Amino acid sequence: MENFAIFLVGRGVSLGFAAAALPGPLQAYLLNTALTQGWRRALFVLVSPLIVDIPIILAVLLALNTMESVLPNIADFMQVVGGVFVLYLAWGALQDYRNNVSFTDPEAPATQQTALGTFTRALILNAVSPGPYLFWTTVNGPLLLQALERSALHGVVFLLAFYGTFLSGFLVMAVAVSALRTIDERLTRGLILTAAVLLGGIGVWLIVGGVLALSGL
């Protein structure tokens, strides 16, 4: 496998793991659903990002392509912005680690509802959350655009690496929670700390790479 494809796989896997490991509204809803209704019902939550992210990805790619004709360095600039955003996420993950934040929200447990109700609620939760919009605009979008500039296959490789890791992480956690009916606090802290370290490294890489590209080095 060529070096750039290996790079894309590494970035996709790292970002996918971090996205799955960081506590958030979708993750809390997924795990609460697994706790109260089983992992099979949680699958309806798990697949919702695939649907909600499609228009976001298309809109981001269109916007970046359009802006590149006016501002040739927009992708490099967005890479720097994305690096700052990722460092912000890493800092938030460290705070979650220090504060022993739970993956689930005990104040808002998932109630018994139909499969359609679970799926609809997950779609709405994704659609109104700012996370996917910010993440694809500043981090994944520029990386995907770089991949597509090489070939469509490179773009597919990046998407498979990211979503394969992201959804696999969600699935493993949902199955484990459904079987154990609890979440080990040590595992929670370990995942959050790992995500923070990965995000910190990726954030620094994005900023350095973007600055070098903008300066023509």
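A residue is called buried when its relative accessible area is under 20%, exposed when over 50%, and partly exposed in between (1.4 Å probe, protein chains only). The model is predicted: local features need pLDDT of at least 70, side-chain atom pairs count only at pLDDT 80 or more, and totals for chains, interfaces and linings use all residues. Residues are numbered from 1 along each chain as its sequence is written, and side-chain values use heavy atoms, with hydrogens and water left out.

**Exercise 1.** State how many helices and strands the chain has, and determine how its radius of gyration relates to the globule rule.

*Solution.* Step one: helices (H or I, at least four residues) and strands (E, at least two) are DSSP runs, numbered from the N terminus. The chain has 9 helices and 0 strands. Step two: the radius of gyration, taken over C-alpha atoms, is compared with 2.2 Å times the number of residues to the power 0.38. The chain has a value of 18 Å, close to the 17 Å given by the rule for 217 residues, so it is as compact as a globular protein of that length.

**Exercise 2.** Find what share of the 217 residues is buried.

*Solution.* Under the definition above, buried residues make up 42% of the 217 residues in the chain.

**Exercise 3.** Describe the place of Ser 14, its burial class and its contacts.

*Solution.* Step one: Ser 14 lies in helix α1, which covers residues 3-21. Step two: because its relative accessible area is 14%, Ser 14 is buried. Step three: a contact means heavy atoms within 4.5 Å. Leaving aside residues up to four places away in sequence, Ser 14 touches Leu 198 and Ile 202.
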